[in-house]
There are 2 protein chains.
Amino acid sequence: MSGREKLAAKAPAKSKNASKKKPRYLELADELREAVLRGDYPDPGDFPTESVLCKKYDVSRFTVREALRKLTAEGLITRKRGSGTVVQPATARAGALHQPLSNVGEILQYARDTTIAFEKKKAGAIPKDVVEQIGAKADGDWFAFRGKRMKPGRKRPIAVTEAWVHPELADAVAQIDVNATTLFGQIETLGEVSVARVTQDIQAIKGTKDILSELGLEKGDPVLRILRCYFDESDRMFEISASYHPGERFAYSMHIEVD
Amino acid sequence: MSGREKLAAKAPAKSKNASKKKPRYLELADELREAVLRGDYPDPGDFPTESVLCKKYDVSRFTVREALRKLTAEGLITRKRGSGTVVQPATARAGALHQPLSNVGEILQYARDTTIAFEKKKAGAIPKDVVEQIGAKADGDWFAFRGKRMKPGRKRPIAVTEAWVHPELADAVAQIDVNATTLFGQIETLGEVSVARVTQDIQAIKGTKDILSELGLEKGDPVLRILRCYFDESDRMFEISASYHPGERFAYSMHIEVD
DNA sequence: CAGTGGTCTAGACCACCGG
DNA sequence: CGGTGGTCTAGACCACTGC
C-alpha cells in the first residue's frame, strides 16, 4: 500500500532512499487525515480538541496546531475559537462532479481516487502553444507521456493528460511505472527532486478532434485545460503537464482560507 | 522591559463596523509588505533575517515567523533554510493574460487593476443551475447584481459577472457603490461580516447568447465560468458570484506552495 | 462559568547554506 | 564554521463560545 505511513513504531527505518525524515507535525497531519477520511469522526463535533491531541500524541501544542493548520488548509476541518474543531461535512465535497484541489496534497488525493495508464511517447520538444502559455523556457527534448484518467464507475474519462519530464531526469524516467497515479509523485521518489511549488493555468478552450473523441465529447463542446508546471526547491521546472477535462462534466473546485 | 505594549486604553471603538484590534503579526506583515512594495529592499538579498526583525520590532520569533508566513503565502518573499529570505522579483507576476489568484488578497489585487460597474437588478431567487453546482441551500430573495469587468487598454471585457447578496444584508446593499471594484470588499466594510473562506468552482461551458455577445465572442466559443461562494467567520454564505470569462483570451493562473 | 482555539514569549536543537 | 530558517517545547494570556 502506498505506504506513506510511518506511525507508531519509531523504528529508525533507515531506508537508504532519499526519503528524509518527516517532521512530526506532518506525520500527525497524515494520521489525522487518514482518521477523518476513514470516518473515525462521523459527527462534526467528534473531532478532538487541541489539548486532547497533545496528550494523546505526546506532543506540544505547537506541533498539534501545525498539523491542524495543514488540515485546515486542505479544507478537511474548520476551527473556531470558543467552540472547537469540526470536520468539514462531505456535503460540499465530492459532488459527483467536484474535484477539490487546493494544494498538492489534494492533487495526490484526487489522483488516488482515479486511475490512469500513461504511455511513453518519444522524447521531443514541448508544443509551441504550451510553451507560450507558460511563458518560460523549456528547451531540449523532454520525455513525453500521455494518458487517460478514469474514475471507477464512470464510462468516460475525466481527463486526458499529456506530460513532459525534464531531459536530465532520464534515470527516473527509465524506472517510471506507467500505471501509477501521478508522474510527479514517482519522480519525487525516484529522482532527487521534490515538488516545492506548482503553478497552474486554467483555460476554457475548444478541444482538438483527438481530445474530444478521447473524452467522448462532440464537436464544439468546451474543454477545460489545466496546465501545470512543477518546480523543485531550487526553482527548476522539472515537469509540465496539460490535462484536458470535459467542460460540462467536470468542475475544478477549490477553496481559499483567509488568514 | 518593553514587554508587551498594552496599547493604551483600548479605544472602545464601538463602531458597528469591525475595526477590531489586529494581532501583532498581521500588523508586522502589513508593515513589511509596505516596505517591500515601496522598494526598501531593492536587491533580493536585502531582506532582514528573522533575528534582525525580532530585535527591530521587539517581538518574539514566533510573531516574526507568522508575519513572514503570510508574506510567503502571498508570494511576496521566498525563504530557504541556510540562506535566508529573498523578496520575489516582480518578473513572473503580471503576465498580460495571467491573473494570479491564490488567495483573497490576490483577488483584490486583480480587481484593483480592472474596473467594473455593477447594475442592481431585482432581488430574486438564485438560478437553478448555480444552486445545483454549489450544492448548498440558498433560499430566499437575494439581491442581484450584474456587471462587466474591463481592463484598461483592452476593448473587450475580461469578464461578465453576476452576483447575489444574502437577503439579510439589505442595509449594506442599500449603501453599495455600484462602481467599486468588488462587492464583497464593500460588504465587508459596510456590513458586519468579513470574508473567512471562499470556495470556487471552475468550469468550461458553452456561453449563452447573452454572455457571448457581451464578451464579444461568437457562437460556439468556450467560456470559463468561475463560481465563488463567500463565507464569513460563522460559515454563513453571504455572497455568491458567477464570472464568465472569454475562454481563449483568459487564463486563470495560480500558484501553490508546498508546505 | 469552564473550555475552546488564537496569539505570543523565551527558550532549544537541528539541517542546511554560505564563506 | 557561524548564521539561516525549520521544527519543537512549555509555558502564558486572551477573546470567544457554549452551557
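Because the model is predicted, local features need pLDDT of at least 70 and side-chain atom pairs count only at pLDDT 80 or more, while totals for chains, interfaces and linings use all residues. Residues are numbered from 1 along each chain as its sequence is written, chains are lettered from A and ligands numbered from 1 in the order in which they are written, and side-chain values use heavy atoms, with hydrogens and water left out.

**Surface near DNA strand D**

A residue is near the strand if one of its heavy atoms lies within 4 Å of it. DNA strand D is surrounded by 23 residues, and the closest are Arg24(A), Ser60(A), Phe62(A), Thr63(A) and Arg61(B). By class, this surface has 10 charged, nine polar and four nonpolar residues; Ala, Val, Leu, Ile, Met, Phe, Trp, Tyr, Cys and Pro count as nonpolar, Asp, Glu, Lys and Arg as charged, and the others, Gly among them, as polar.

Elements are DSSP runs numbered from the N terminus, with helices (H or I) of at least four residues and strands (E) of at least two. At least two residues of the surface come from each of α1 (24–38) and α3 (61–73) of chain A, and from each of α2 (50–57), α3 (61–73), β1 (77–80) and β2 (84–87) of chain B. The most is given by α3(A), with three residues.

Polar contacts are pairs of N or O atoms within 3.5 Å; within protein, one must be able to donate a hydrogen and the other to accept it, and residues adjacent in sequence count only if both atoms are side-chain atoms.

| Residue | Protein atom | Atom of DNA strand D | Distance |
|---|---|---|---|
| Ser60(A) | polar side-chain atom | phosphate oxygen | 2.5 Å |
| Glu50(B) | backbone N or O atom | phosphate oxygen | 2.9 Å |
| Arg81(A) | polar side-chain atom | sugar or linking oxygen | 3.5 Å |

**Helix α3 of chain A**

With 13 residues, α3(A) reaches 18 Å from its first C-alpha to its last, close to the 18 Å expected at 1.5 Å a residue; the expected span is 1.5 Å times one less than the number of residues. Its buried residues (under 20% relative accessible area; exposed is over 50%, partly exposed in between, with a 1.4 Å probe and protein chains only) include Thr63(A), Val64(A), Leu68(A) and Leu71(A). Just after α3(A), Gly75(A) takes a positive phi of about 85 degrees.

**Salt bridges**

A salt bridge is a side-chain nitrogen of Lys or Arg within 4 Å of a carboxyl oxygen of Asp or Glu. The count over all chains is 30. One of them joins Arg65(A) and Glu50(A), at 2.6 Å from N to O. Arg65(A) lies in α3 and Glu50(A) in α2 of chain A, so the pair ties together parts 15 residues apart in sequence. Arg65(A) is partly exposed at 39% relative accessibility, whereas Glu50(A) is buried at 12%.

Arg146(A) and Glu214(A) also form a salt bridge, their closest N and O atoms being 2.4 Å apart. This pair links strand β5 (142–150) with helix α8 (209–215) of chain A, 68 residues apart. Arg146(A) counts as buried at 16% relative accessibility, and Glu214(A) as partly exposed at 22%.
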